[in-house]
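Have the structure open while you read.

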Amino acid sequence: MSPAFLPFALPEIGEDEIAEVVDTLRSGWITTGPKARRFEQDFAAFLGDASLQAVAVNSATAGLHLALEALGIGPGDEVITTTHTFTASAEVARYLGADVRLVDVDPVTFNIDPAAVETAIGPRTKAIVPVHYGGLAADMPHLLAIAARHGLKVVEDAAHALPTTVGGALVGTLASDATVFSFYATKTITTGEGGMLVTRNEALAARARVMRLHGISRDAFDRFTAKVPSWYYEIVAPGFKYNLTDIAAALGIQQLKKAHAFRQRRAEIAARYDAAFAALPLVLPAQAPAGDTHAWHLYPVRLADAALAAGITRERFVERLFEQGIGASVHYVPLHQHPYWRERYKLEPAMFPASQRAYERLASLPIYTRMSDGDVERVVAAVRAALAA
Ligand SMILES: *Cc1c(COP(=O)(O)O)cnc(C)c1O
């Protein structure tokens, strides 16, 4: 009998998370309340910087939208981001009526190329949204310097980057205007759906707190604990419905405690893959610089020329993995290939040579804490077999 299919990703939900959720369900307070607040406090404490504000939201997409909104991005403005990402990194600028300038990536890390950013800056440019692809930090020192020189805002899409460091500092504590993490089911910690916006800018945090809940001047929890009449609230803007529930926050409180241990396990799997694949016709993912931390949300390999010459296309490679019961994926179909982005901005693959070349050769292998050593060896064996001509 062949072993069960090994999915590309699975969340690790333990008894601690289950007990915390049950506690929330029994408490009677299931939407945004004490657990969401505690998750925010725990998250700021995790980042270890007392000057940070953490704003819990129901997705990273919501957090990115709120950050750009609070920074005043609107019609006529332009936001620069990478083509090699998930559409959420870019679509949020469109929500606000701003335009998106997609740029190419570094051919080794697949992170946004600072030189391409600098070239793309024009009179309408207002912000840069770097993505820490796969959990490896983008070149933040360079990007922050460019932003400072041109008076641009920086909002980091840190959906993959918990925990990731740059020059020893955790992503979330850098000098950008805001950083947004994702707790989607496949991310490094999960609340099912959820996200966290972190910032040192108090006005930005205050605006995001108002806009995440209908433009109400204080959130529901405050309304029922402060001295003003419990029924009184004010609408100060046409806000959104982006608040994180206490049910989700309960998951987050317990997941966050395990974030370092989870990363350790993913790093072990990455190291095993690195050793096992060294002699295969694959280009392995870039490592973090010495002393820095890679979150290892993804383990993306690229087919080397030798594999392609032997007739193993990326499509064939992924198909052969599936035939052996191994889930794989591709990160990403670059935005410039998607009909909406391609047609809206008249984009062509030749404008993004590094992303395009990577895309044609990329496959992401399973890398998650619930994989046993045996599962990892199954992937290793399947990759070897898939590459055998
Ligand atoms: C997952 C992801 C998002 C969106 O996160 P949600 O929490 O699902 O909104 C944004 N950017 C990148 C790069 C992602 O991988």
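This is a predicted model: local features need pLDDT of at least 70, side-chain atom pairs count only at pLDDT 80 or more; totals for chains, interfaces and linings use all residues.

P163 sits in the loop between β5 (153–157) and β6 (165–166); helices here are DSSP runs of H or I with at least four residues, strands are runs of E with at least two, and both are numbered from the N terminus.

Residues are numbered from 1 along each chain as its sequence is written, and side-chain values use heavy atoms, with hydrogens and water left out.

There's another cis peptide bond from H331 to Y332, with omega near 5°. Y332 belongs to the loop between α12 (314–323) and α13 (339–345). Also worth a look is H214, in the loop between α7 (202–211) and α8 (220–225): its phi is positive, about 65°, although it is not a glycine.

Now for the ligand. There are 16 residues around it, and T61, D157, H160, S182 and K187 come nearest; to count, a residue needs a heavy atom within 4 Å of the ligand. By class, that shell has seven nonpolar, seven polar and two charged residues (Ala, Val, Leu, Ile, Met, Phe, Trp, Tyr, Cys and Pro are nonpolar, Asp, Glu, Lys and Arg charged, and the others, Gly among them, polar). Helices α3 (60–70) and α4 (88–95) each supply at least two of the shell residues.

| Residue (polar side-chain atom) | Ligand atom | Distance |
|---|---|---|
| T61 | oxygen | 2.5 Å |
| D157 | nitrogen | 2.7 Å |
| K187 | oxygen | 3.1 Å |

On its own the ligand has 380 Å² of accessible area, and the protein covers 92% of that (Shrake-Rupley method, 1.4 Å probe).

Finally, the rings. The model has 16 aromatic pairs, counted when ring centres of Phe, Tyr or Trp (its six-membered ring) lie within 6.5 Å; planes under 30 degrees apart are stacked, over 60 edge-to-face, and the rest tilted. F277 and Y299 make a tilted pair, because their centres are 6.4 Å apart and their planes are at 55°. F277 is in helix α10 (residues 259–277) and Y299 in strand β11 (residues 299–303), so this pair ties together parts 22 residues apart in sequence.

Definitions and conventions
A polar contact is a pair of N or O atoms within 3.5 Å; within protein, one must be able to donate a hydrogen and the other to accept it, and residues adjacent in sequence count only if both atoms are side-chain atoms.
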